[in-house]
Amino acid sequence: AASMWTLFFNEEPVSDYRTALRSDTKRFARFFWGMLERGIYLPCSQFEAAFVSVAHDEAMIEATLSAAREALEEIAKD
């Protein structure tokens with residue numbers, strides 16, 4: 001809702017707890033650590049939400065997106 005988000009590594013859309021449980025939490029852990037290595041701290045559990053707020057300026061959001069691209073590219077290599 002609104003500014004809440006999280007990323008699920010799942011082959012189907014996640015719309016409830018049951019489908020969330022089928023997500024690849026090991027892959028999420030790799031994404032979490034990849035983001036942290038790039039200076040972006042996210043909730044460490046795939047079942048928690050991240051938030052965007054007015055404290056996040058455009059530069060911060062771009063840095064987060066750039067870090068996410070890099071982390072996802074790294075995961076995709078395997």
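**View 1. Phenylalanine 28 and phenylalanine 31 share helix H2.** In this predicted model, the two residues are three apart, about one turn of the helix. Helices here are DSSP runs of H or I with at least four residues, strands are E runs of at least two, and both are numbered from the N terminus. Both phenylalanines are buried, meaning under 20% relative accessible area, with exposed over 50% and partly exposed in between (1.4 Å probe, protein chains only).

A word on the numbers: residues are counted from 1 along each chain as its sequence is written, and side-chain values use heavy atoms, without hydrogens or water. Local features need pLDDT of at least 70 and side-chain atom pairs count only at pLDDT 80 or more, while totals for chains, interfaces and linings use all residues.

**View 2. Here are the aromatic rings.** The structure holds four aromatic pairs. In one of them, the ring centres of phenylalanine 28 and phenylalanine 31 are 6.4 Å apart with planes at 55 degrees, so this pair is tilted. Rings of Phe, Tyr and Trp (its six-membered ring) pair if their centres lie within 6.5 Å; planes under 30 degrees apart are stacked, over 60 edge-to-face, and the rest tilted. Ring pairs also join Phe9, Phe28 and Phe31 into a cluster.

**View 3. Leucine 42 sits in the loop between helix H2 (25–37) and S2.** Leucine 42 is buried, with a relative accessible area of 6%. Leaving aside residues up to four places away in sequence, leucine 42 touches Trp5, Phe31, Phe32 and Met35, where contact means heavy atoms within 4.5 Å. From leucine 42 to phenylalanine 31 is 11 residues in sequence and 9.6 Å in space, C-alpha to C-alpha.

**View 4. Look inside for the largest cavity, with about 50 Å³ of space.** On a 1 Å grid over the protein atoms alone, a cavity is a set of points where a 1.4 Å probe fits but cannot get out; a pocket is an open set with protein on both sides within 12 Å along at least five of seven lines, and lining residues have an atom within 4 Å of a point. The lining of the cavity includes Trp5, Phe28, Phe31 and Leu42.

**View 5. The largest pocket holds about 280 Å³ of space.** Of its 13 lining residues, Trp5, Leu42, Phe51, His56 and Thr64 lie nearest the centre. Helix H3 (58–76) and strand S2 (50–51) each supply at least two lining residues, and H3 gives the largest share, four residues.

Key
Grid points are joined across faces, edges and corners, and a volume is the space filled by probe spheres set on the points.
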